[in-house]
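Q: Hi! Could you walk me through this one while I have it open on my screen?

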Amino acid sequence: MVRVRTEREIDLIAESAQIVADTLDMISERVKSGVTLLKLDMLAEKFIRSQGAIPAFKGYMGFPATLCISVNDEVVHGIPSNNVLNDGQIVGIDCGAVKNGYYGDSARTFAVGNISNKDKDLIETTQEALYHGINKAVPGNYVSDIGHAIQTFVEPKGYSIVRELVGHGIGTNLHEDPQVPNYGDPGMGIVLKEGMCLAIEPMINRGGREVYTLDDGWTVKTKDGYNSAHFEHTIAIRKHGPVVLSGSRLNG
Ligand code: MG
Ligand code: MG
């Protein structure tokens, strides 16, 4: 069942989503060569708790940490370890928070120091793809119009789209109906309505779309070893279109 949220509920989802955005803003300044992934995770947990919220991923289906940190060919769901970031890597950081029973969820992919032009383009394309999808989240459109917009933007550039993992409704649970794939034909699935809240999250690969999960049960990697990027926003569908609830407060 896809929920339509009241104004008050949207305000509460927005509050949690803003805490996630502020966490990612804070973390973005710490993404540097030499920092351990566990240090970033610890900082994120501290910050989220300082805002009166709880890390949404920690303990979710047994996930052990506050952040999912996915480096280079890791697509999503990387577990923070004592590994350090190195110059030239790209790192996807996914964060969720819950406050007053309402969830926010957002991800960004960052450059560590100087990265290749190919990886720069991958990151820019994935972020742009997210906005192409968000722009379709208007009342009266179909849920598959979102993925169709992402696919028709991304694939002509020679990139591929991960299909095993999808976006989702969000609100009183981290993951709710509907599923929001990042590909597909337009005009399918539910009709979007004012008051629905979604997490839209394209995962884009430089190589093929095939992925596999490591023995840790979480980390998803590309099969061919090419790098992957991930961006996600929590959005509300309003009368005149989408409103991003997890936007950065930093410039640019
Ligand atoms: Mg997420
Ligand atoms: Mg999500």
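Q: How many bridges join E10 to E13, and how do the two run?
A: Three bridges join E10 to E13, and the two strands run antiparallel. Strands (E, at least two residues) and helices (H or I, at least four residues) are DSSP runs numbered from the N terminus, and two strands pair if DSSP finds at least two bridges between them. Met203 stands opposite His230 in E13.

Q: Before I go on, what kind of model is it, and what are the ground rules?
A: This is a predicted model, where local features need pLDDT of at least 70, side-chain atom pairs count only at pLDDT 80 or more, and totals for chains, interfaces and linings use all residues. Residues are numbered from 1 along each chain as its sequence is written, chains are lettered from A and ligands numbered from 1 in the order in which they are written, and side-chain values use heavy atoms, leaving out hydrogens and water.

Q: Thanks! Back to the sheet: what is the strand order?
A: The order is E6-E10-E13, an open sheet of three strands with antiparallel pairing. Strand E6 (160-161) and E13 are the edge strands, each pairing on one side only.

Q: Which helix packs on that sheet?
A: Helix H3 (residues 117-134) does, touching E10 and E13. Contact here means heavy atoms within 4.5 Å. The direction of H3 makes about 35° with that of E13; axes are lines fitted to C-alpha atoms, for helices over the stretch in contact, and angles run from 0 to 180 degrees between N-to-C directions.

Q: Now Asn205: buried or exposed?
A: Asn205 counts as buried because its relative accessibility is 0%. The cut-offs are under 20% relative accessible area for buried and over 50% for exposed, with partly exposed in between (1.4 Å probe, protein chains only).

Q: And what does the side chain of Asn205 make a polar contact with?
A: The side chain of Ser228, at 2.7 Å. A polar contact is a pair of N or O atoms within 3.5 Å; within protein, one must be able to donate a hydrogen and the other to accept it, and residues adjacent in sequence count only if both atoms are side-chain atoms. The backbone oxygen of Gly208 also lies 3.0 Å from a polar atom of the Asn205 side chain.

Q: Changing topic, what coordinates the magnesium ion (ligand 1)?
A: Asp94 (OD), Asp94 (OD), Asp105 (OD) and Glu232 (OE), at 2.0 to 2.5 Å. Donors are N, O and S atoms within 2.8 Å of the metal (3.2 Å for Na, K and Ca), and water is not among the atoms, so sites may look incomplete.

Q: How far apart are ligand 1 and ligand 2?
A: The two magnesium ions are 3.2 Å apart, and Asp105 coordinates both. Both Asp105 and Glu232 are buried.
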